[in-house]
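My notes follow in the order in which I looked.

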Amino acid sequence: MFCLLVALCFGEKLDEEQIKEIRDIQYSLLLLFTRFNFFGFLPRVAKVVFRKKWDKIVGIRRRQAEIFTPLIRARKEGNSKLKRTNKLGDLGDQIFVPYCYVDSLLDVEIPEEGGRKLSEEEVVNLCHELLSGGTDTTSNGLEWIMAEVVKNQEIQKELAEEVGRAIPASEDEIKEEDLKKMPYLKAVIMEGLRRHPPGHFVLPHRASQDVELNKYLIPRGSEVHVNVAQLGWDERVWEDPMDFRPERFMRGGDFSGEVVDVTGSREIKMAPFGAGRRICPGYGLAILHLEYFLANLVREFEWKAVEGEEIDLSEEFEFTVMMKKPLRARIFPRGSKL
Ligand code: HEM
């Protein structure tokens, strides 16, 4: 996931060492951010009291800027290795991204501020946000879904059969268009995001005015934390909400796979990506990746629990909600492609 997002962000496939360094920096910042979020409350005081921790954060951020800035400048100057080739297509082990996230940021003009462009520092920050927002969320989401697929063998069987029907054995690769032919795959992903949303809360929001909600006053300026996990587990909306039942999202189920509205623009029954104008901007990409990875993993391998081990669905809170005991499984190649 991380390699993919780095390529989408900077437009090129970096070498392994560079990717590792960026990954380590992102992780350190995420951990510091989750563990030391008191810097957000009383920043001036916290910076003095926790001087060493603050210096550490500043040091890591400086190193991040040192790595990101040359990559951003390369795109700006059109000097990127891949841009220079100026052609679409296969470049051996290179990933070719003709228009990457950094390009789109460099094109931004802010109308409210006289059409000014983003500064390099702002571009670095937005790249940081994309990389940290998109990696663990998707990979942990996939791990939870795979855990349910290993635990519930009948679901795995149905999924594998659907993938087999949709893609002929002669085809090497699952293509994006193929995913549309797999409603059960989509249903498994939706049920996974409902039952195990990678973030139990959306990012903190702030009430911009006094709001009355169910006779409670939410005063202007208060920080609001919305618990989306509870929305998806509400017994008044979902039957046996803690069960993993992808059929809910199939035609004839509680919700038809065709009409589930994950953006919450019509109604909000689950909101793993938040809702409204601050909804996760990566939700389409995340669903695409989840569908793509799950379809491939089940097409290539049969997944079974390790003998004598139960799949343990206990949770642990980090930046996202992770499996307390990471998934372990035995995998068997399916041999001929289904
Ligand atoms: C299963 C995967 C994902 C889940 C469950 C998820 C969930 C969320 C949630 C709940 C929020 C906060 C929304 C709010 O505050 O109202 C968010 C924000 C965000 N997500 Fe995702 N996300 C996922 C994947 C991705 C991917 C793949 C990307 C990027 C390619 C991404 C980029 C972002 C960014 C940049 C924000 C902050 C947006 C803002 O500040 O307004 N996310 N995501």
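I began with the contacts, counting two residues as in contact if their C-beta atoms, placed from the backbone, lie within 7 Å, and found that 69% of the contacts in the protein with a separation of 6 or more are between residues 24 or more positions apart. This is a predicted model, and I noted that local features need pLDDT of at least 70, that side-chain atom pairs count only at pLDDT 80 or more, and that totals for chains, interfaces and linings use all residues. Residues are numbered from 1 along each chain as its sequence is written.

For secondary structure I took DSSP runs numbered from the N terminus, with helices (H or I) of at least four residues and strands (E) of at least two, which gave 12 helices and 10 strands. For burial I called a residue buried if 20 or more other C-beta atoms lie within 10 Å of its own, exposed if 12 or fewer, and partly exposed in between; buried residues make up 28% of the 338 residues.

I found 22 residues around the ligand, the closest being Gly 133, Gly 134, Gly 274, Cys 280 and Gly 282. Helix H7 (120–151) and helix H12 (283–300) each supply at least two residues of this shell, and H7 gives the largest share, with 7 residues. I sorted the shell into 12 nonpolar, 8 polar and 2 charged residues, where Ala, Val, Leu, Ile, Met, Phe, Trp, Tyr, Cys and Pro count as nonpolar, Asp, Glu, Lys and Arg as charged, and the others, Gly among them, as polar.

I then looked at Cys 280, which UniProt lists for "binding site" in an unreviewed entry; such annotations may be inferred rather than shown by experiment. Cys 280 is in the loop between helix H11 (228–232) and H12, and it counts as buried because it has 21 C-beta neighbours inside 10 Å. Leaving out residues up to four places away in sequence, I found that Cys 280 touches Phe 273 and Gly 274.

For the interior I used nonpolar cores, meaning sets of buried Ala, Val, Leu, Ile, Met, Phe, Trp, Tyr and Cys residues joined through C-beta atoms within 7 Å. The largest has 30 residues, and those touching the most other members are Ile 145, Leu 159, Leu 185, Val 188, Ile 189, Leu 294 and Ala 295. H7, helix H8 (153–166), helix H10 (183–195) and H12 each supply at least two residues of this core. Apart from this core lies another, of 16 residues, including Ile 72 and Leu 131.

Strand E7 (residues 301–305) and E10 pair in the antiparallel sense over 5 bridges, pairing requiring at least two bridges found by DSSP; Lys 304 has Arg 330 in E10 as its bridge partner.

Last, I searched for positive phi. Most residues other than glycine have a negative phi. Asn 214 has a phi near 45° and Lys 215 one near 70°. Asn 214 is in the loop between strand E4 (211–213) and strand E5 (216–218), and Lys 215 also lies in the loop between E4 and E5. Asn 214 is exposed, with 4 other C-beta atoms within 10 Å, and Lys 215 counts as exposed with 5.

Note on methods: A residue is near a molecule or strand if its C-beta atom, placed from the backbone, lies within 6 Å of it.
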